[in-house]
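Reader: Please take a close look at one single part of this model. I would like to know what surrounds that part and what pairs with it.

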Amino acid sequence: MGKKILVIDDERHIRMLYQEELQNDGYQVAMSDGSEPVVELIGREKPDLILLDIKLGPAISGLDLLQTLRGPYPDLPVILSTAYDSFQYDLKSIAADDYVVKSVDLTELKEKVSDTLKKKAAG
């Protein structure tokens with residue numbers, strides 16, 4: 001079995017697209033819309049990497065979730081995924097390992113997932 005990636009995104013079609021593409025590349029994929037407590041979710045799913053949307057809806061921020069998970073999971077790789085590039089200037093985003101701007105072409109996303117997992121393995 002391949003590495004497990006947890007996709008947290010409020011848009012169902014994005015979760016489904018990421019799941020299909022990442023599974024085709026040999027990864028296991030777990031998904032969440034961001035509504036459940038992130039620390040419990042990570043404990044249950046035990047992902048090797050998280051793809052985290054920044055704008056999860058009016059009440060939830062991916063940047064806040066990132067801060068929440070960094071306490072108990074400081075070494076878990078997180079790639080921020082967003083439709084906007086302005087977030088990179090938010091100080092909360094520095095806790096992420098990488099970021100990618102959403103696109104229908106997932107080449108960049110898949111490369112960043114692969115590179116981040118390789119860096120973690122090399123340790």
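**A strand and its neighbours**

Author: Strand β3 pairs with strand β4 (residues 78–82) in the parallel sense, over four bridges. Strands here are DSSP runs of E, at least two residues long, and helices are runs of H or I of at least four, both numbered from the N terminus. Two strands count as paired if DSSP finds at least two bridges between them. This is a predicted model, in which local features need pLDDT of at least 70 and side-chain atom pairs count only at pLDDT 80 or more, while totals for chains, interfaces and linings use all residues. Residues are numbered from 1 along each chain as its sequence is written, and side-chain values use heavy atoms, with hydrogens and water left out.

β3 covers residues 49–53, and five of the five are buried, so the strand is largely enclosed by the rest of the structure. Buried means under 20% relative accessible area, exposed means over 50%, and partly exposed lies in between (1.4 Å probe, protein chains only). In a regular strand, side chains alternate between the two faces of the sheet. In β3 both faces are covered: L49, L51 and D53 are buried on one side, I50 and L52 on the other.

With helix α3 (residues 62–70), β3 and β4 make a right-handed β-α-β unit. Right-handed means that, with the strands pointing away from the viewer, the path from the first strand over the helix to the second runs clockwise.
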